[in-house]
Amino acid sequence: MSSYTINPTSETYVYMCKSKAAKKYHYNKACAGMNACSQQIIKMTLKDAKDKGKEPCSLEK
Ligand SMILES: [Zn+2]
């Protein structure tokens with residue numbers, strides 16, 4: 001890996017069910033909102049989640 005990208009340490013990561021039906025991202029991997037997820041849980045940056053048009057979980061404030 002020779003490429004070097006600016007990656008601020010303050011980057012926020014979120015979790016999301018890999019299911020096509022999943023529209024929300026979660027800050028907490030153990031969130032109750034993901035209990036129904038039967039697919040893999042994937043981790044991505046908050047920016048990625050927003051870029052994909054996902055919305056924040058309504059259970060988490
Ligand atoms: Zn949640």
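Which residues is Tyr-13 in contact with, leaving aside its neighbours within four places in sequence? I looked this up first. Tyr-13 is in contact with Lys-43, Met-44 and Thr-45. A contact here is two C-beta atoms, placed from the backbone, within 7 Å.

**Ground rules.** I am working on a predicted model, where local features need pLDDT of at least 70, side-chain atom pairs count only at pLDDT 80 or more, and totals for chains, interfaces and linings use all residues. Residues are numbered from 1 along each chain as its sequence is written.

**Layout.** I find 1 helix and 4 strands in the chain. The pattern along the sequence is β-β-β-α-β. Helices (H or I, at least four residues) and strands (E, at least two) are DSSP runs, numbered from the N terminus. I also checked contacts with a separation of 6 or more: residues 24 or more positions apart account for 62% of them.

**Strand E1.** Tyr-13 is found in strand E1. E1 and E3 pair in the antiparallel sense over 5 bridges. Pairing requires at least two DSSP bridges between two strands. Tyr-13 stands opposite Thr-45 in E3.

I then looked at burial. A residue is buried if 20 or more other C-beta atoms lie within 10 Å of its own, exposed if 12 or fewer, and partly exposed in between. Tyr-13 counts as partly exposed because it has 13 C-beta neighbours inside 10 Å. In E1, 4 of the 5 residues are buried, so the strand is largely enclosed by the rest of the structure. Over the chain, buried residues make up 15% of the 61 residues.

**Core.** The largest nonpolar core has 8 residues: Val-14, Tyr-15, Met-16, Cys-17, Tyr-25, Met-34, Ala-49 and Cys-57. Strand E1 (residues 13-17) gives the most to this core, with 4 residues. Such a core is a set of buried Ala, Val, Leu, Ile, Met, Phe, Trp, Tyr and Cys residues joined through C-beta atoms within 7 Å. I followed Ala-49 further. Not counting residues up to four places away in sequence, Ala-49 touches Val-14, Met-16, Tyr-25, Met-44 and Lys-54.

**Tyr-27.** Where does Tyr-27 lie? I place Tyr-27 in the loop between strand E2 (24-25) and strand E3 (41-45). Tyr-27 is partly exposed because 14 other C-beta atoms lie within 10 Å. Beyond its neighbours within four places in sequence, Tyr-27 is in contact with Val-14 and Glu-60.

Two C-alpha separations go in the notebook. Tyr-13 and Tyr-27, 14 residues apart along the chain, are separated by 7.1 Å. For Tyr-27 and Pro-56, 29 residues apart along the chain, I note 8.3 Å.
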